[in-house]
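Okay, thanks for coming, everyone.

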Amino acid sequence: MKVCILASGSKGNSILVSGSETNILIDAGLSCRKILERLNQVGVDENSIKALFISHEHSDHIRGAGPIVRKLGIPLLINQLTFNAANYRLGKVDYVKFFENGKPFTFNEFLIEPFSVPHDSADNSCFKIRERDSKQKLVILTDLGYPTKLVKEKTKDPSTIILESNHDFDKLINGPYEWWLKQRINSKNGHLSNSQACELIDEIINPNLENIVLAHLSEENNEPEIAYNEMLKILNAKKSDCNLYVAYQHKPTDWIEV
Ligand SMILES: [Zn+2]
Ligand SMILES: [Zn+2]
């Protein structure tokens with residue numbers, strides 16, 4: 001299994017997970033046209049995409065969702081509360097499959113464990129994904145205010161983690177946003193800061209963790225170098241040789257072998 005982050009950040013998120021037989025998308029926060037462009041850029045035939053999974057109803061995760069499932073004729077996989085909240089922006093969707101956070105299920109060759117995280121949305125799903133015959137696990141962990149006990153449990157054994165590193169706390173507080181928005185981002189239902197991401201890794205890191213991809217970076221309240229260097233300090237202190245990447249807003253990452 002390998003993964004490519006097509007886009008990451010408050011202007012749109014989409015992650016491509018490629019299994020031994022099929023490909024799936026997690027979130028479609030760019031326009032349908034842009035998602036198809038990026039698939040093309042990374043050499044993936046759009047007809048190989050077999051499902052779109054949605055994490056939550058914020059527009060940076062669902063902007064292109066309706067158009068993409070209609071264009072590709074694929075099912076939308078989503079939990080009920082998120083669907084209720086997103087429904088009016090999805091338009092007509094012919095094939096919806098509901099999953100429940102906390103209940104693992106299979107889709108093609110993938111085993112998927114959706115789990116809840118605290119965020120200012122109806123019922124945000126983060127995902128742990130592996131292929132049926134593989135021990136390698138991918139955890140996608142973005143759009144959460146803080147790492148709960150459940151999050152720490154779920155992040156104990158992945159080989160690859162896509163981890164929110166949204167903002168530098170000082171840049172957020174001293175930055176241009178209005179006070180209510182600063183409070184929202186910093187709250188327990190907001191987004192993980194660089195330091196919170198580092199604290200989580202410091203706590204859960206183990207030799208099985210091979211790749212960390214820092215994701216959902218704010219363009220206003222963060223810099224890729226700041227997030228990267230802060231995490232690198234943790235990895236160095238732990239004498240870890242885990243690979244460290246940063247996902248981009250405006251272009252896809254390289255393929256990462258999970
Ligand atoms: Zn988001
Ligand atoms: Zn969100």
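Let's start with the zinc ion (ligand 1): its donors are spaced D-H-x81-D-x72-H along the chain. By donors I mean N, O and S atoms within 2.8 Å of the metal (3.2 Å for Na, K and Ca), and since water is not among the atoms, sites may look incomplete.

Quick housekeeping before I go on. This is a predicted model, so local features need pLDDT of at least 70 and side-chain atom pairs count only at pLDDT 80 or more, while totals for chains, interfaces and linings use all residues. Residues are numbered from 1 along each chain as its sequence is written, chains are lettered from A and ligands numbered from 1 in the order in which they are written, and side-chain values use heavy atoms, with hydrogens and water left out.

Back to the zinc ion (ligand 1). Which protein atoms hold on to the zinc ion (ligand 1) as donors? They are Asp 60 (OD), His 61 (NE2), Asp 143 (OD) and His 216 (NE2), at 2.1 to 2.2 Å from the ion. The angles among the four donor atoms run from 93 to 162°, and the site is irregular. For the rule behind that word: four donors are tetrahedral if all angles lie between 85 and 135 degrees; four are square planar and six octahedral if opposite donors are over 155 degrees apart and all others between 65 and 115; anything else is irregular.

Asp 60 sits in helix 2 and His 216 in the loop between strand 12 (211-215) and helix 9 (224-237), so this pair ties together parts 156 residues apart in sequence. Helices (H or I, at least four residues) and strands (E, at least two) are DSSP runs, numbered from the N terminus. Asp 60 and His 216 are both buried, where buried means under 20% relative accessible area, exposed over 50%, and partly exposed in between (1.4 Å probe, protein chains only).

Now the other ion. The zinc ion (ligand 2) has His 56 (NE2), His 58 (ND1), His 119 (NE2) and Asp 143 (OD) as protein donors, 2.2 to 2.5 Å away. Along the chain the spacing of these donors reads H-x1-H-x60-H-x23-D. The site of the zinc ion (ligand 2) is irregular too, with angles of 91 to 170° among its four donor atoms. And what is the distance between the two zinc ions that Asp 143 bridges? The zinc ions lie 3.5 Å apart. As for burial, His 58 and His 119 are both buried.

**Salt bridges**

Next, charges. A salt bridge here is a side-chain nitrogen of Lys or Arg within 4 Å of a carboxyl oxygen of Asp or Glu, and the count comes to 13.

Take Lys 137 and Asp 157, whose side chains meet at 2.6 Å, N to O. Lys 137 lies in strand 10 (residues 137-141) and Asp 157 in the loop between helix 5 (149-154) and strand 11 (160-164), so the pair ties together parts 20 residues apart in sequence. Is Lys 137 buried or exposed? Lys 137 counts as buried, at 18% relative accessibility, whereas Asp 157 is partly exposed at 28%.

Glu 203 is exposed, at 53%.

**Packing**

Last bit: the inside. A nonpolar core is a set of buried Ala, Val, Leu, Ile, Met, Phe, Trp, Tyr and Cys residues joined through side-chain atoms within 4.5 Å. The largest one has 28 residues, and Leu 16, Leu 39, Leu 52, Ile 68 and Leu 76 touch the most other members. A second, separate core has 27 residues, including Val 151 and Leu 192.

On to the rings. Phe, Tyr and Trp rings (the six-membered one for Trp) pair if their centres lie within 6.5 Å; planes under 30 degrees apart are stacked, over 60 edge-to-face, and the rest tilted. There are six aromatic pairs in the whole structure. Phe 53 and Phe 107 have ring centres 6.0 Å apart and planes at 90°, so they are edge-to-face. Phe 53 lies in strand 4 and Phe 107 in strand 7 (residues 105-107), so the pair ties together parts 54 residues apart in sequence. Ring pairs also link both of them with Phe 99, Phe 105 and Phe 127 into a cluster.
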